[in-house]
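Here is a short tour of one model, meant to be read alongside the sequence and the 3D view. Please keep both open as we go.

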Amino acid sequence: MRVRIPLEQSLRLLTPGPVVLASAAHRERFTLTPIGWTTPLSARPPLVGLVVRPDRFLYELIVASGEFGLSIVSEQEAAALFQCGVISGRVQEDKFTGCGLRAVAAQRIGAPMVAEALAHLECAVLRLAEYGDHTLFVGEVLLAEADERAFDGWWGASERRPLHYLGGNRFAALGERFEVG
Ligand SMILES: Cc1cc2nc3c(=O)[nH]c(=O)nc-3n(C[C@H](O)[C@H](O)[C@H](O)COP(=O)(O)O)c2cc1C
């Protein structure tokens, strides 16, 4: 039997794409922010959507720089990722160190990326649009790289799998991969 879900919980039914650690930098300042609301938008060109509330420091730095990085981590980094969502880069100067993660330079953008990540996507902002209390940034993927043991064209190639955010303090790791047909 399906039961009625309160509307304020309805988006959780669609939430669990991989949660990302989004980074952005402008001048000397940078931040690293967990974002659960992401979506593919186009294959050619490769476009992704990143949904950010305007009061986040991340929002300010993406608007200022026109770029953002997405680091996809595994279960092992779940606690560190969650910690990055508790504090703001406005008060914690170096959120990488504050959350126990290492920074590594990106190749096409100015924002630092997470060294421990399974994958990186480096993006340039094409446009933004406000929807309700959040803003959708549309980013073109300039460069993507992934750990070949974890991603062999698809996720689920090894034990190190991307992390999914379910809401509150609940997470899940990607399950067993299987084929049909
Ligand atoms: C797992 C997780 C997912 C989150 N997803 C989003 C999101 O999709 N959009 C958003 O604006 N904030 C999201 N947040 C909240 C921000 O990550 C949080 O407010 C963060 O501390 C903001 O940091 P900043 O001010 O340095 O950008 C999420 C937090 C957590 C812990």
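## Around the ligand

E2, E4 and H2 each supply at least two residues of the shell around the ligand; helices (H or I, at least four residues) and strands (E, at least two) are DSSP runs, numbered from the N terminus. The model is a predicted one, in which local features need pLDDT of at least 70, side-chain atom pairs count only at pLDDT 80 or more, and totals for chains, interfaces and linings use all residues. Numbering starts from 1 along each chain as its sequence is written.

In total, 20 residues surround the ligand, the closest being Phe57, Leu58, Gly85, Ser88 and Gly89; a residue is near a molecule if its C-beta atom, placed from the backbone, lies within 6 Å of it. E2 gives the most to this shell, with 4 residues. The shell divides into 11 nonpolar, 6 polar and 3 charged residues (Ala, Val, Leu, Ile, Met, Phe, Trp, Tyr, Cys and Pro count as nonpolar, Asp, Glu, Lys and Arg as charged, and the others, Gly among them, as polar).

## The sheet and its helix

Now to the sheet: 7 strands form an open sheet in the order E2-E1-E5-E8-E9-E4-E3, with antiparallel pairing; two strands pair if DSSP finds at least two bridges between them. Strands E2 (29-35) and E3 (38-42) stand at the edges with a single partner strand each, so one side of each lacks a neighbour in the sheet. From one strand to the next, the twist averages 35°. E3 pairs with E4 (residues 47-52) in the antiparallel sense over 4 bridges, and Thr38 has Leu50 in E4 as its bridge partner.

Helix H2 (residues 57-65) packs on the sheet, touching E1, E2, E4, E5, E8 and E9, and its direction makes about 55° with that of E1. Contact here means C-beta atoms, placed from the backbone, within 7 Å; axes are lines fitted to C-alpha atoms, for helices over the stretch in contact, and angles run from 0 to 180 degrees between N-to-C directions.

## Loops worth a look

Gly100 sits in the loop between H4 (95-98) and E6 (103-104). Arg27 lies in the loop between E1 and E2, and its phi is near 50°, a positive value in a residue other than glycine. A cis peptide bond, with omega about 0°, joins Arg44 and Pro45, and Pro45 is in the loop between E3 and E4. Most residues other than glycine have a negative phi, and most peptide bonds are trans.

How values were computed
Contact = placed C-beta atoms within 7 Å.
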